[in-house]
Amino acid sequence: MSRTGLFISLEGIDGAGKSSHLDGLAQAFRAQGRTVVVTREPGGTPLAEQLRALVLHQPMDALTEALLVFAARRDHLQQVIEPALARGEVVLCDRFTDATFAYQGAGRGFDLGQLAQLERMVQSGLGPDPSRLREPDLTLWFDLPADVAAARLADARAPDRFEAEPALFFERVAQGYAARASAAPQRFARIDAGQDRHRVWQQVTAQLVRRGWLAIMVPTPQGLA
Ligand SMILES: Nc1ncnc2c1ncn2[C@@H]1O[C@H](COP(=O)(O)OP(=O)(O)OP(=O)(O)O)[C@@H](O)[C@H]1O
Ligand SMILES: Cc1cn([C@H]2C[C@H](O)[C@@H](COP(=O)(O)O)O2)c(=O)[nH]c1=O
């Protein structure tokens, strides 16, 4: 039976708790017979992972940063995301273009109109309808105050260029996500990421059950709660 591909992104400020849920979600879809690709941005291909290392660790200005994340995204779309969706698979992507609007746009102050132009250039000309802008079918937005996220990340690992930014930067990024969510309410599902892991998982799976993408509420995976 042929199936329609499903593209789900997970978004939120650093430390919001997105990545903790990726494996469990992949397992939940696999248990229902779906093939799942778990991937991330920037990254997801050998070239895009090299660009990720530059973006996370080398000093650069906001335009260079924006061009590199979009270059990585183009390669990721062409090599991984579009082929998987064409095969009817589920793509779970840890961050996508909303992160660019939130971090490079709201965080760094890069012009949103110019980001929209890059988005159109990079995310079209793909798939069966080249005029269509490729976007996630659903964006799970892990919403968490910047100070709570910072406390979760404290001492967790050596900070990269973004994680080393001050609290004010993350407050702007969080506002950037809120603005993206209000502009596309049908694509975004807000997750209250301030709850414990079990409750966050329940909110996430409820969104998928509501859309008919998971048949049943899935118990919290061991290792998460
Ligand atoms: N609901 C929660 N309550 C408390 N701590 C949590 C919760 N969810 C995740 N954490 C912890 O917070 C930290 C960050 O979680 P995680 O790596 O999933 O966040 P993230 O959004 O993927 O962050 P980043 O984007 O920076 O990689 C981890 O130490 C994780 O164990
Ligand atoms: C896609 C994307 C990401 N970023 C930033 C956001 C994070 O700080 C890092 C990625 O690290 P993570 O641990 O994998 O979350 O990159 C960005 O600034 N712009 C983007 O488009």
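**Two ligands in a predicted model**

Guide: A backbone N or O atom of G15 lies 2.9 Å from an oxygen atom of ligand 1, a polar contact in the sense of a pair of N or O atoms within 3.5 Å. This is a predicted model, in which local features need pLDDT of at least 70 and side-chain atom pairs count only at pLDDT 80 or more, while totals for chains, interfaces and linings use all residues. Residues are numbered from 1 along each chain as its sequence is written, chains are lettered from A and ligands numbered from 1 in the order in which they are written, and side-chain values use heavy atoms, with hydrogens and water left out.

Visitor: Which side chains have an N or O atom at 3.0 Å from an oxygen atom of ligand 1?

Guide: Those of R95 and R197. Taken alone, ligand 1 exposes 630 Å², and the protein buries 78% of that; such areas come from the Shrake-Rupley method with a 1.4 Å probe.

Visitor: How many residues surround ligand 1?

Guide: There are 15, and the closest are G17, K18, S19, S20 and R157. To be counted, a residue needs a heavy atom within 4 Å. By class, this shell has two nonpolar, five polar and eight charged residues; Asp, Glu, Lys and Arg count as charged, and Gly is among the polar ones.

Visitor: What about ligand 2: which residues are closest?

Guide: D14, R52, R95, T100 and Q104 are the closest of the 14 residues around ligand 2. The shell around ligand 2 comprises six nonpolar, two polar and six charged residues.

Visitor: Which atom of ligand 2 does Q104 approach?

Guide: A polar side-chain atom of Q104 lies 2.8 Å from a nitrogen atom of ligand 2. R52 has a polar side-chain atom 2.9 Å from an oxygen atom of ligand 2, and for an N or O atom in the side chain of R73 the distance to an oxygen atom of the ligand is 3.2 Å. Ligand 2 on its own exposes 480 Å², of which the protein buries 95%.

Visitor: Which helix gives the most to that shell?

Guide: α4, with four residues. Helices α2 (46-57), α3 (62-86) and α4 (97-107) each supply at least two; helices here are DSSP runs (H or I, at least four residues), numbered from the N terminus.

Visitor: Changing topic, where does UniProt place a domain?

Guide: The unreviewed UniProt entry places "domain: Thymidylate kinase-like" at residues 10-200; such annotations may be inferred rather than shown by experiment. Over residues 10-200 the chain is 51% helix and 12% strand, strands being DSSP runs (E) of at least two residues.

Technical notes
Polar contact = N/O pair within 3.5 Å; in protein donor to acceptor, adjacent residues only side chain to side chain.
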